[in-house]
Amino acid sequence: MASEAKHGETGENIKRIRLETVDSTNRYLKSRILEGDRVRAAVTAVNQTGGKGRMNRVWRSPPGGLYLSLSTPLAENVPPVAFPVQAAIAAATLLYREFELPLRLKWPNDLQLYGQKICGILSELVHSSSGIAHAIVGIGLNANAGIVLDDAFNKPIWLAKVLAREIDVDRLGDLLAADILAQWDRLDEASMETLREQWKALSDTLNRRVEVRTLRGTIRGVAVDLSPEFELRIRPDDGGPLVAVCEGDCRSLRPDPWEKT
Ligand code: BTN
């Protein structure tokens, strides 16, 4: 059960909700949307008892991490994928602005620092009782604690470890929520190509040999491009035609020393 510390408005029509403990900030927003109409909100919690990760994983959420979820009704002509992509770019940009840290993106939307995962993003699509489609984007950022991930592909790293000082998680949550909501407001059809270019410029996945595990199997090959739909285009090792994957877990593989170039 959520304990609600305070409610406030951080901007026009935006509800800023700070929770002490909740099962999951994503689930919290989902129930608000199911019982509401148009829910534009940013929710943080000090800790989560049932944090959700991608691919049905658990996101362990002790105090010290940033647990932030944002929701907005979908904009006309803006594909849902734009919302988590914009959030990932905003988070990388903010962490560079605040701490001069060179964040990179691992497909689909993990943030990595020095090759290690520092932040994960879980996006969901939910319809309100009146049928309005909403995006929910949940961000888990290792701030003062490193989360040990179930996902064996990823080693955690956390801000306090790198910067050798404590991070004001509340302030970081406010800044990130404000940036993301402002940028979501500006999304339109024409933004998609810009987002794709920004994602590619920050990518630590493209032009690498990767392994992507999807619910339908595993693909190994070179990540050659990001499609306009934000799928990862892979040239498979087996010489088959290009494959486009829209979901999965991705890891970089070391170049095979025996491989012919
Ligand atoms: C991933 O698997 O990499 C995505 C992790 C997303 C975790 C965040 S923490 C805030 C929000 N609430 C959740 O239950 N999950 C997301």
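Visitor: How many cavities of 30 Å³ or more does the structure hold?

Guide: The structure holds 3. A cavity is a set of points on a 1 Å grid over the protein atoms alone where a 1.4 Å probe fits but cannot get out; lining residues have an atom within 4 Å of a point. This is a predicted model, where local features need pLDDT of at least 70, side-chain atom pairs count only at pLDDT 80 or more, and totals for chains, interfaces and linings use all residues. Residues are numbered from 1 along each chain as its sequence is written, and side-chain values use heavy atoms, without hydrogens or water.

Visitor: Which residues line the second largest cavity?

Guide: Ala91, Leu94, Leu95, Cys119, Ile139, Leu141, Leu172 and Leu176. H2 gives the most, with 3. Helices (H or I, at least four residues) and strands (E, at least two) are DSSP runs, numbered from the N terminus. By class, this lining has 8 nonpolar, no polar and no charged residues.

Visitor: Is Cys119 buried or exposed?

Guide: Buried means under 20% relative accessible area, exposed over 50%, partly exposed in between (1.4 Å probe, protein chains only). Cys119 is at 1%, so Cys119 counts as buried. Cys246 is at 61%, so Cys246 counts as exposed. The disulfide count is 0 (cysteine sulfur atoms within 2.5 Å).

Visitor: What volume does the largest pocket have?

Guide: About 690 Å³. A pocket is an open set with protein on both sides within 12 Å along at least five of seven lines. Of its 31 lining residues, Arg54, Pro108, Ser123, Cys246 and Glu247 are the closest to the centre. Strand E7 (116–127) gives the most to the lining, with 5 residues. The lining divides into 19 nonpolar (Ala, Val, Leu, Ile, Met, Phe, Trp, Tyr, Cys, Pro), 7 charged (Asp, Glu, Lys, Arg) and 5 polar (the others, Gly among them).

Visitor: How many residues does the largest nonpolar core have?

Guide: In soluble globular proteins, nonpolar side chains tend to be buried together. A nonpolar core joins buried Ala, Val, Leu, Ile, Met, Phe, Trp, Tyr and Cys through side-chain atoms within 4.5 Å. Here the largest has 58 residues. Leu70, Leu111 and Leu232 are among those with the most contacts inside it. Helix H2 (82–99) gives the most to this core, with 12 residues. Apart from it lies another core, of 12 residues, including Ile17 and Val22.

Methods: Points joined across faces, edges and corners; volume = space filled by probe spheres on them.
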